[in-house]
Amino acid sequence: MAFLLSLSPHHHHHPINPPQNPNPNSPKPALLATSLPGTISKRQFTFKTTSLCLVSLITQNPLAQALSEPSPPLKPVLSSLANTKSWFQFFGDGFAIRVPPQFEDIMEPEDYSAGLSLYGDKAKPKTFAARFASSDGSEVLSVVVRPSNQLKITFLEAKDITDLGSLKEAAKLFVPGGTTLYSARTLKIKEEEGYRTYYFYEFGIDEQHAALVAAVNSGKAIIAGATAPQSKWDEDGVKLRSAAISLTVL
């Protein structure tokens with residue numbers, strides 16, 4: 001089942017706020033469009049289209065997508081990472097992620113209230129669990145949480161991303177067709193009860209460059225993605241890649 005955003009004619013712009021942490025006191029382990037009105041700034045258009053790109057990338061229909069062939073040899077990109085310990089750490093529902101300096105919280109108020117139900121009404125699923133952008137809106141860091149059985153039909157609750165398949169098999173769930181795949185890696189992170197597996201993919205599509213990290217916990221897939229125009233990746237790619245890889249399942 002695909003989750004696709006559409007252009008909505010009823011969007012209202014909200015001011016950009018500094019990063020907000022909905023649960024800053026919880027003990028957490030430390031690691032890892034809207035409408036286009038008649039007059040819209042280039043900055044608004046940029047971060048809206050970048051966000052649309054990320055959500056469509058990480059919520060593609062797995063039966064309709066496949067990696068493009070051939071792709072160039074994979075690059076050892078994980079050797080190029082920044083130290084993120086001094087960055088602001090955002091704690092979401094079941095995850096934490098480090099936010100690059102100067103990035104701003106661009107979650108809409110309705111994003112925070114989504115997922116809540118009133119008087120027995122069915123809760124509206126959140127589009128994003130977290131979303132931050134650079135000051136010009138061209139670079140975006142987002143986190144999406146989805147039931148794992150919406151990515152791959154199974155009768156058993158997925159407890160680890162390996163339940164969705166190998167790194168290569170799961171690429172069909174997370175990496176869209178027509179993509180140039182630059183890197184794909186399996187990351188093993190030590191936790192109190194053993195090791196958790198994360199899948200990392202870096203790819204380019206439609207003049208956009210993306211780094212994506214995915215993990216699974218208790219039947220939920222948690223996906224972090226950092227995107228930017230290809231023209232900006234040479235300068236800021238290490239920062240964006242490091243932000244995506246800072247994803248920690250709690």
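Predicted model: local features only at pLDDT ≥ 70, side-chain atom pairs only at ≥ 80, totals over all residues.

Me: How many bridges join β3 to β4?

Reply: 2 bridges join them. The definition asks for at least two, so β3 and β4 count as a pair. These strands also run antiparallel, with Glu-104 standing opposite Ala-133 in β4.

Me: Why are β1 and β10 said to stand at the edges?

Reply: Their sheet has 3 strands in the order β1-β2-β10, it is open, and the pairing is antiparallel. β1 (88–92) and β10 (248–249) each have a single partner strand, so one side of each is left without a neighbour in the sheet.

Me: And which strands stand at the edges of the sheet with 7 strands?

Reply: That open, antiparallel sheet goes β3-β4-β5-β9-β8-β7-β6. β3 (104–105) and β6 (180–191) are at its edges, because each has a single partner strand.

Me: Let's go back to β2. Why is Ile-97 called buried?

Reply: Buried means under 20% relative accessible area. Ile-97, which is found in strand β2, has 1% relative accessibility, so it counts as buried. Leaving aside its neighbours within four places in sequence, Ile-97 touches Phe-88, Gln-89, Phe-90, Leu-141, Val-143, Ala-224, Ala-243, Ser-246 and Leu-247.

Me: Which residues have the most contacts inside the largest nonpolar core?

Reply: Phe-90, Phe-95, Ile-97, Val-143 and Val-213 do, in a core of 28 residues. Two or more residues each come from β2 (95–99), β4 (130–133), β5 (140–147), β7 (194–205), β8 (208–217), β9 (220–229) and α4 (230–245). The largest share, 5 residues, is from α4. There is also a second, separate core of 21 residues, including Phe-174, Tyr-201, Val-216 and Ala-221.

Me: What makes the buried residues of α3 line one face?

Reply: The buried ones are Leu-167, Ala-170, Ala-171, Leu-173 and Phe-174. Seen down the axis of α3, they fall within an arc of 155°, so they line one face of the helix. An α-helix has 3.6 residues a turn, so residues three or four places apart point the same way. As for where α3 (residues 167–174) sits, it lies across β6, β7, β8 and β9, at about 55° to β7.

Me: How does α4 run relative to β9?

Reply: At about 155°, and α4 lies across β5, β6, β7, β8 and β9.

Me: Now the loops. Is Glu-207 buried or exposed?

Reply: Exposed means over 50%, and Glu-207 has a relative accessible area of 65%, so it is exposed. Glu-207 lies in the loop between β7 and β8, and it has a positive phi of about 65° although it is not a glycine.

Me: Why is Ser-218 called partly exposed?

Reply: The label covers values between 20% and 50%. Ser-218 has 47% relative accessibility, so it counts as partly exposed. Ser-218 is in the loop between β8 and β9 and has a positive phi of about 50°, again without being a glycine.

Me: What about Leu-156, buried or exposed?

Reply: With a relative accessible area of 67%, over the 50% mark, Leu-156 is exposed. Leu-156 belongs to the loop between β5 and α3.

How values were computed:
Residues numbered from 1 in each chain as written. Heavy atoms only, no water. Core = buried A, V, L, I, M, F, W, Y, C linked by side-chain atoms within 4.5 Å. Buried < 20%, exposed > 50% of the residue type's maximum accessible area, 1.4 Å probe, protein only. Helix = DSSP H or I, 4+ residues; strand = E, 2+ residues; numbered from the N terminus. Contact = heavy atoms within 4.5 Å. Axes fitted to C-alpha atoms, helices over the stretch in contact; angles between N-to-C directions. Arc of directions from axis to C-beta.
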